[in-house]
Amino acid sequence: MKQLGLEDIMKSLKKPPSEQRRRIITEAYEFAKKAHAGQKRKSGEEYIQHAIATAKVLAEIGMGGKTIAAGLLHDVDEDTPVTLEEIEKNFGKEVAFMVDGVTKLGKIKLRGSHEEYYLENLRKMFLAMAADIRVVIIKLADRLHNMRTLDHLSPDKQQRIARETMEIFAPIANRLGIGEIKTQLQDLSFKYLDPENYYYVEEVITKSYKERERYVNQAIKDLKKELQKEGIDVLDIHGRAKSLYSSYEKLKKYDMDINRIYDLSAVRLIVPEIADCYEALGIVHKKYRPMVGRIKDYISLPKPNGYQSIHTTIFGPEGRILEVQIRTQKMHDEAEFGIAAHWIYADKMKKKTWKEYIFGAKKEKIEKELKWVKQLREWQNEIGRDDEEFIEGLRIDFFKNHIFAFTPRGDIIELPEEATPVDFAYAIHSEIGNSTVGAKADGKMVPLDHKISNGQVIEIITSKDRKIPNPDWLKFAKTSMAKTAIRRVTRKENQQ
Ligand code: MN
């Protein structure tokens, strides 16, 4: 296997690195290399190879310097004598926070039933996402390299890790819209979980590959000529290969008959503006008859993970059925790199940090982005829709007894159902609880017995003049933390 080095990360960056970015990546590389010196992976490779591979994936999907540095350092805290404090001293709070987050995500309890194990995993992922989504993205990159080197583990571990990847990591990558990682995770898991079908699909698809490649290249030429004749600025047009796993999913639906899968070959067209997408669609349809019921406008109606594109299936050149996907460059980047693409565009929006970007200082922004968090809740209902056993597990709604509320700064507070601003205040700090005089939910004043709903931003209003809680709060406080604190203070007060 090829030995990776620092330059492989630099070459994978989406744009030439600034001096500052080059420096933090180089320093993290040197630091990690020293920390892991002498350690080997099960594959026999130097441990640093795993760290570099993880960082390389992060560079490929467009993540920033700090995230790539954290990717290089992600196993340092857990597997070497180097402490988190040293990481913070050398690379700052943000990088240390991410490394710590990845380490914590890795510490999974193996006790309990299958369901409990998965639900615990999902819960952790959710919390990590809410705290700093970059932690989860590093974890996905880490998992991708672990999957690529899975051959070196025992068959037992291969099964467990592949299953976890298919059921948890791939759906999360999908949910975050990182198609690039999702596809690879699925194909790699597929190979271990169902080798028989994997190799079958691989063979069927490879057999027809040469012929499809010739056809797609011809179709690209014809389409490009047609579009340019009509004055469309074609930024890019390329063939898209369907992944093995999604081909298999399709094949299952069509009695394993490959001739019935229409989107096995697809052409992807990138144009400058949204208006160009619709214009290009019209030109394609004028020349090639579209198939009824196969036009999907995900620009007007994006998929739940934000995916945008127009899909149409046409009777293309040579009268053969062909899928055409039309989108702008921004939509394309978001489809490949998902939430990660926001960093590329976040630069342009002059946002400072991710937290600011997601939770923003502006209220409209908070509302908009919290919708995204709410989507995460729906996502748990969607994962493994076809997997009966897993659906069984998900029936135990893991949000059933919990809600997540946010401070105006974007910190997440986990509370029981029907919790109130009083519970929220005590969950932050007992002093804040004791001096609470009012509360706002999503910017509006609410009574203190307001039942907080999932995803709300709660702002607690305190007063220096209030030193003790109101005993009446006991009537509606839900958490034992709040109740105990209120009782303790009122008892003391009565004694005096
Ligand atoms: Mn790792």
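Contact is taken here to mean heavy atoms within 4.5 Å. The structure is a predicted model, in which local features need pLDDT of at least 70 and side-chain atom pairs count only at pLDDT 80 or more, whereas totals for chains, interfaces and linings use all residues. Residues are numbered from 1 along each chain as its sequence is written, and side-chain values use heavy atoms, with hydrogens and water left out.

The protein contains 21 helices and ten strands, where helices (H or I, at least four residues) and strands (E, at least two) are DSSP runs numbered from the N terminus. Of its 496 residues, 50% are buried, a class defined by a relative accessible area under 20%, with exposed meaning over 50% and partly exposed lying in between (1.4 Å probe, protein chains only). Among the contacts in the protein with a separation of 6 or more, 65% are accounted for by residues 24 or more positions apart.

The manganese ion is coordinated by NE2 of His50, NE2 of His74, OD of Asp75 and OD of Asp142, at 2.2 to 2.3 Å. Along the chain these donors follow the spacing H-x23-H-D-x66-D. Donors are N, O and S atoms within 2.8 Å of the metal (3.2 Å for Na, K and Ca), and water is not among the atoms, so sites may look incomplete.

Helix α3 also holds Thr54, which is buried, with a relative accessible area of 0%. Leaving aside neighbours within four places in sequence, Thr54 is in contact with Gly71, His74, Ile138, Ala141, Asp142 and His145; two of these residues, His74 and Asp142, are also ligands of the manganese ion. The C-alpha atoms of Thr54 and Leu72, 18 residues apart along the chain, are separated by 6.9 Å.

Helix α8 (residues 133-148) packs with helix α10 (residues 179-193) at an angle of about 35 degrees, their axes being 10 Å apart; axes are lines fitted to C-alpha atoms, for helices over the stretch in contact, and angles run from 0 to 180 degrees between N-to-C directions. Leu140, Arg143, Leu144, Met147 and Arg148 of α8 make the contact with Ile181, Gln184, Leu185, Leu188, Ser189 and Tyr192 of α10. The passage of α8 past α10 is a left-handed crossing, that is, the near helix is turned anticlockwise from the far one by less than a right angle, whereas clockwise would be right-handed.

Within α8, Arg143 counts as buried at 10% relative accessibility. Not counting residues up to four places away in sequence, Arg143 touches Ile161, Glu164, Thr165, Phe169 and Leu185. Arg143 and Leu185 are 42 residues apart in sequence and 8.2 Å apart in space, C-alpha to C-alpha.

Thr313 is found in strand β4 (residues 310-315) and is buried, with a relative accessible area of 0%. The side chain of Thr313 makes a polar contact with that of Arg294 at 3.0 Å, a polar contact being a pair of N or O atoms within 3.5 Å, of which, within protein, one must be able to donate a hydrogen and the other to accept it, while residues adjacent in sequence count only if both atoms are side-chain atoms. With residues up to four places away in sequence not counted, Thr313 touches Tyr262, Arg289, Pro290, Met291, Arg294, Ile321, Leu322 and Glu323.

Backbone geometry is considered last. Most residues other than glycine have a negative phi. Met256, although not a glycine, has a positive phi of about 60 degrees; Met256 lies in the loop between α12 (244-253) and β2 (265-271) and counts as partly exposed at 27% relative accessibility. Asp442, likewise not a glycine, has a positive phi of about 50 degrees; Asp442 is found in the loop between β8 (436-441) and β9 (444-446) and counts as partly exposed at 28% relative accessibility.
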